[in-house]
Each structure stands twice: as structure tokens, then as C-alpha cells.
Amino acid sequence: MILSLLNSGRSCNSPSNGIFQWYFDSQHSTVFSITALVSNILVAFQHYPTLCSTKIVMDTTIGLSRGFGFIEFSDEHTLLRALKEMQDNRMMLNPISTPMARSKNKAKSAASEITTVFYQSTSPYCLRTRGACSSNQIWPMEVRLQNKAFLSFQEEAYVYCLVIMSIEHVIDHSYSNNRSRNGRNNSFDNKQNQKHGRNGKENVSKTISVSKLHPQTLPDTLMNYFKRFGDCIEASLNEDDDGNRLHVATIIFRDIPKEPHKIAGQHKIDGRMTTVEFIRNKAYEYQGPKHDKSYLHAHSFSMGNMIAKDHFVEEWSTVASYTSPIKYSLNYTMRRVIIFFSHLDQDYKVEYKFKDVFGNMVVEREKDTTIFTIPLRHPGTYWMQNKDSVSTSARSIKKGHKWERVALIPRTKNYHRQKSKTSILPITPSDVLDLGNWLVFRVVFRPSSRDARIFEDNLQQAADYNLVPRDLSQAKVFIRQTQGSDLPQPFGHKERVEFGFDFDVLYLLESAISHHFINERNLTREFLEKLKELPKDVSKGILQLITTTKERVWDPDRYFSDVWQKMGMKVIDKRTTPSHCALL
């Protein structure tokens with residue numbers, strides 16, 4: 001492959017006539033890769049010694065060639081000879097035309113001319129200089145790296161550098177310090193930004209348009225046909241304002257197709273030749289009322305319980321990644337919070353209302369880390385996005401756009417729910433997340449320096465609704481965090497039954513636990529034995545008092561002692577459990 005290096009800051013030109021560009025056109029060049037195009041062009045024109053550079057004009061929508069480009073020469077004589085000799089020549093089996101192109105750059109003096117240097121690579125890991133170079137002005141320098149090659153040389157006060165980031169995507173790239181000093185982006189950055197998005201993927205659309213369809217073609221037929229090129233998530237038939245079909249359909253892929261050149265073109269569907277082309281991705285349009293929302297991107301999300309006012313027990317957690325982000329969404333219009341997270345390659349979300357927060361949400365800060373600790377009165381509402389769900393209609397078919405309500409989230413991928421023929425006990429299986437009892441959420445935020453200001457603005461908006469304090473300068477980290485696996489196993493329902501409590505006492509104890517006034521991890525063997533020894537009327541009275549006052553009890557043993565000292569025999573509850581109530 002032969003490459004030429006062009007000074008982006010000072011273009012190749014002649015003293016009087018400026019830049020001479022030669023335009024080539026290929027009707028079907030989009031089916032070839034960029035590497036193939038540049039390689040064939042350079043090979044075809046390598047016998048012209050004053051060739052400066054080649055440029056392929058790209059379609060930024062689909063990431064392919066637009067079928068034409070520019071070739072620059074440093075003298076008029078070679079240009080005219082190329083116009084005559086290469087007119088109507090064939091390149092890659094396609095005829096090419098050679099009209100004269102007008103330069104956008106102004107002609108400069110002879111002192112600004114550069115020496116044309118050619119580079120020929122016999123190996124993907126090596127670049128070598130070839131041709132005549134002035135030793136007084138140019139010093140070649142070569143650095144070999146695996147899958148990368150850097151080659152720079154210096155002329156007068158300017159430094160030029162050729163950077164090949166990937167041999168598979170080679171186009172002539174060059175830049176100069178002079179161009180950066182003038183406040184303009186260099187050609188390398190411009191071309192890279194056009195070809196690659198922020199995530200590093202090629203800027204190719206995920207949406208295609210299929211025209212000239214058969215009048216009886218169904219969305220399901222289109223979905224089954226195009227799934228060979230990628231995972232199709234939607235196929236819809238276009239209609240006019242009167243509801244009449246236009247014989248045009250829109251297909252949306254979940255990800256950017258790996259081989260877009262195999263999709264664009266002619267396809268035979270239902271016995272009719274159709275035309276397929278890439279179009280811009282359609283932006284999502286919300287049709288409902290506008291809501292006042294804000295989104296905070298979190299670093300981690302964990303669930304558990306508080307066993308003290310300053311002690312959080314983490315039972316489960318997940319960390320955000322590029323493919324599995326965690327979003328903390330505040331809907332001020334609906335007074336609702338939604339936390340989006342992923343678990344076992346499955347997308348979930350949990351919702352709770354502002355009024356469901358038990359007390360106040362605790363905000364802690366340490367350097368660039370902000371932590372939300374959210375205690376809830378009741379369990380949140382959990383949803384799972386079913387990627388295999390399919391919704392069909394007469395004009396469209398969609399896949400993977402449905403959120404389904406769930407009450408169980410498995411811990412492992414091989415979980416299979418077994419149907420039980422016995423009575424349902426208030427016990428959460430060990431192979432699922434205990435969503436009904438984990439009432440404290442802990443969300444950690446670590447915004448980057450670029451997003452820090454937006455994050456602070458969102459916090460101030462949340463402060464307008466009294467969700468977080470207005471002044472967070474004094475918010476220090478004070479909540480101690482412990483892993484649930486590091487603590488002793490709590491006494492579950494079966495273990496509590498084995499103590500042999502009176503039915504009324506056991507009923508009131510389980511009621512206090514199910515209403516989350518007492519946590520299982522706060523129950524010790526000493527307390528349960530003392531509860532059994534107490535007169536049942538005293539035990540029932542104190543347990544009934546907990547349910548009535550709806551007070552969170554951190555230390556049941558101490559609470560019983562304090563109530564007995566204050567009330568004595570007045571705490572005795574003479575009421576009994578209604579006969580129609582049963583304990584399962």
C-alpha cells in the first residue's frame with residue numbers, strides 16, 4: 001500500500017496556479033471498503049511523481065463512501081497529463097471521470113511549498129520512506145508498534161506527523177502544529193470525528209428504509225427477512241395522513257449492523273425487487289404530557305437494611321459499566337423516583353414515590369463521591385424489561401420494548417421457579433433477591449469533572465422539593481456499611497416458630513416484622529428467650545404498642561425494658577386476636 005503525506009497547514013501548490021485537484025467518480029464504489037478504495041487509487045496513480053494526497057468523501061450517515069473524491073498534485077503539468085491519460089479509465093471495474101476541481105485554499109508563495117514524500121508499507125507494522133528528501137529540511141523518524149505506526153518529520157519550524165491508528169481503516173491523515181495554533185481542528189481529528197462517534201463505533205445508522213414493497217407484504221415478513229443481518233427490534237409499514245399504505249417500511253436494528261454494505265441495495269421480498277437504504281435514526285418522541293425530570297448517572301446501587309441509625313447492611317449490590325449503566329431518575333411532576341439497573345444481563349427498574357421515604361433521605365459526601373441512603377416505608381415496585389416480548393399490529397411489529405412487573409429477581413442465571421403444592425410461608429427462597437424485606441437503597445455517585453456542574457445543578461433542583469439539603473458543604477460520611485455475608489445468619493420464621501411462643505405473641509411479633517418495625521437482624525437469641533419467659537399479656541401489650549406507634553425499633557431488648565419501666569402493668573393488652581385471623 002502506498003501512502004502520501006500532506007501538510008494540512010500549508011497545502012501542496014504551485015507558486016502561480018495553486019492546488020490542482022482531480023475528481024474521480026465511481027457509481028458503485030460504496031460496496032468497497034475505505035482501505036480498498038485508497039489502495040486502488042494510489043496504485044493507479046503511483047506513476048505520477050507529484051501526487052500529493054488523496055481524499056475519499058464520506059457519507060457521515062451510513063459511514064460509506066459517497067462515490068467520489070479528490071486527488072491533489074503539486075504541479076500543473078502532471079495534472080493535465082493525468083486528466084488526459086486517466087479519463088474514462090476503469091478502477092475496480094467502474095468507469096471514472098476526471099473533471100477539474102476548484103481549490104478552496106488560497107495560493108501561497110513558493111517558500112511555503114513542501115517536498116512531497118511517499119511512504120510505502122510492505123508490512124502492517126512498518127512504514128518506510130521512499131523518494132528524494134532534502135536532508136536540510138526533513139528528518140524522517142520511524143517508530144514501530146504492534147498494530148500502530150507513527151511517522152513524523154520536521155521542516156523548518158513546523159512539525160508534521162502521520163498517525164495510523166488501525167491498518168484496517170487507513171486514509172491519508174496528517175496535521176501540523178501551525179493548524180492547531182490557528183484555532184482549527186486538524187484533518188486527522190476531523191476525519192476521525194466524522195467516522196467515529198463518542199463511543200468509538202462507526203457512525204452508521206441502525207435504521208433502514210425499504211421501498212417498492214409488495215402491497216401485501218406484512219411486518220412479520222420484513223422482520224424475518226432482515227434478522228439475518230442483525231437483531232431487528234421493529235418493523236413498521238409507513239402510511240400517509242389518510243392511513244393508506246405507501247409501500248415503504250422502516251426497519252430498526254438493536255445495534256449497528258456489522259456489514260452495512262450487504263444491506264444497502266436491492267433485495268427480493270415477496271417476489272418483488274425492493275430498494276433498501278440507510279436513513280437517520282428516528283428520535284424518540286414522547287406523546288404524553290411533559291414531565292419535569294432529571295437524571296443522575298450513578299456509580300453503584302445496593303440494597304439492604306439499617307440495623308442502627310448509622311449502620312447499613314448491604315445484602316446485594318451492582319456496579320455500573322458501559323453496557324450496564326445505572327440511572328437515578330427524578331420525576332418531579334409525578335413525585336416519583338425510578339432507579340434503572342442491570343442484573344445478570346437483564347435490565348430492571350425499581351420505583352418509589354416521594355412520600356414512601358421513611359423520614360429523610362441521607363446525603364453524604366467525601367471528595368468527589370456523593371452517597372444517597374434512602375430508607376423506605378414499603379418495598380419498591382420492580383419491573384423487568386422483557387427483550388423477547390413481541391407486540392404486533394396490522395402495520396408494525398416491535399420486540400423488546402415492554403416493561404413487566406416482577407416480584408422475584410433471581411440471584412443466578414440457572415434459576416427455575418418451582419411450583420409448590422404446600423402452603424406459602426413468609427420465607428424468601430435463598431436463590432432470589434429478598435425484595436420484600438430490603439427497604440434501604442444506597443446509591444453512590446462519582447461524576448466526572450466534565451459532568452460535575454450538571455450533577456450539582458440537578459442536586460439543587462432536588463433541593464427545591466426538599467429531597468436533599470440545600471447546603472451540602474457539611475455533608476460528611478458517617479454511615480457505617482457492612483456486608484450481610486459478614487454477619488451471623490438472622491433468625492428466620494422457622495427458627496422463631498421453634499421457640500414455642502403463644503399463638504397471639506407469635507402473631508403480633510410476625511406482624512411487627514412484616515410491617516418492618518423490627519428487622520430480623522435485630523432479633524437476638526437472648527431477646528427471643530426473654531420474650532418467651534414474659535407473661536403473654538405483657539408481651540402482647542408491648543408488641544401491640546410497637547404496631548400502634550409505628551416506631552422503628554433498633555434494639556428490641558432495650559425497648560421492652562424501657563416500656564416496662566414507664567408503663568408497668570398498664571401495658572397489658574386485654575384484647576385478643578380475632579378468631580377469623582390466621583397465621584401462615
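Me: How many helices and strands does the chain have?
Reply: The secondary structure comes to 11 helices and 32 strands. Helices (H or I, at least four residues) and strands (E, at least two) are DSSP runs, numbered from the N terminus. The model is predicted: local features need pLDDT of at least 70, side-chain atom pairs count only at pLDDT 80 or more, and totals for chains, interfaces and linings use all residues. Residues are numbered from 1 along each chain as its sequence is written, and side-chain values use heavy atoms, with hydrogens and water left out.

Me: What share of the chain is buried?
Reply: Buried means under 20% relative accessible area, exposed over 50%, and partly exposed in between (1.4 Å probe, protein chains only). Of the 584 residues in the chain, 44% are buried.

Me: In which order do the strands of the open sheet run?
Reply: Two strands pair if DSSP finds at least two bridges between them. Here six strands form an open sheet in the order β19-β22-β23-β24-β27-β30, with antiparallel pairing. Its edge strands, β19 (293-298) and β30 (402-406), each pair on one side only. From one strand to the next, the twist averages 25°. Within the sheet, β22 (residues 326-331) and β23 (residues 336-343) are antiparallel and joined by five bridges. In this pair, Ser329 stands opposite Ile338 in β23.

Me: Which helix lies across β19 and β22?
Reply: For such an angle, axes are lines fitted to C-alpha atoms, for helices over the stretch in contact, and angles run from 0 to 180 degrees between N-to-C directions. Contact means heavy atoms within 4.5 Å. The helix is α6 (residues 452-463), which runs at about 130° to β19.

Me: Which residues touch the most other members of the largest nonpolar core?
Reply: A nonpolar core is a set of buried Ala, Val, Leu, Ile, Met, Phe, Trp, Tyr and Cys residues joined through side-chain atoms within 4.5 Å. The largest one has 40 residues, and those touching the most other members are Phe301, Tyr328, Ile339, Phe372, Ile374 and Phe441. Helix α6 gives the largest share of this core, four residues. A second, separate core of 24 residues includes Ile513, Leu523, Leu528 and Val563. Leaving aside neighbours within four places in sequence, the contacts of Ile339 include Phe301, Tyr328 and Phe441.

Me: Why is β20 described as largely enclosed?
Reply: Eight of the nine residues of β20 (residues 300-308) are buried, so the rest of the structure largely encloses this strand. Eight bridges join β20 to the antiparallel strand β21 (residues 311-319). The two strands form a hairpin with two residues between them, and Gly304 stands opposite Glu314 in β21. Strand β31 (residues 440-445) is also antiparallel to β20, through five bridges, with Ser300 opposite Val444.

Me: Which residues of helix α5 are buried?
Reply: An α-helix has 3.6 residues a turn, so residues three or four places apart point the same way. In α5 (residues 219-226) the buried residues are Pro219, Leu222, Met223, Tyr225 and Phe226. Seen down the axis of α5, these fall within an arc of 165°, so they line one face of the helix. The arc is that of the directions from the helix axis to the C-beta atoms. Their cover includes β14 (207-211) and β29 (396-399).
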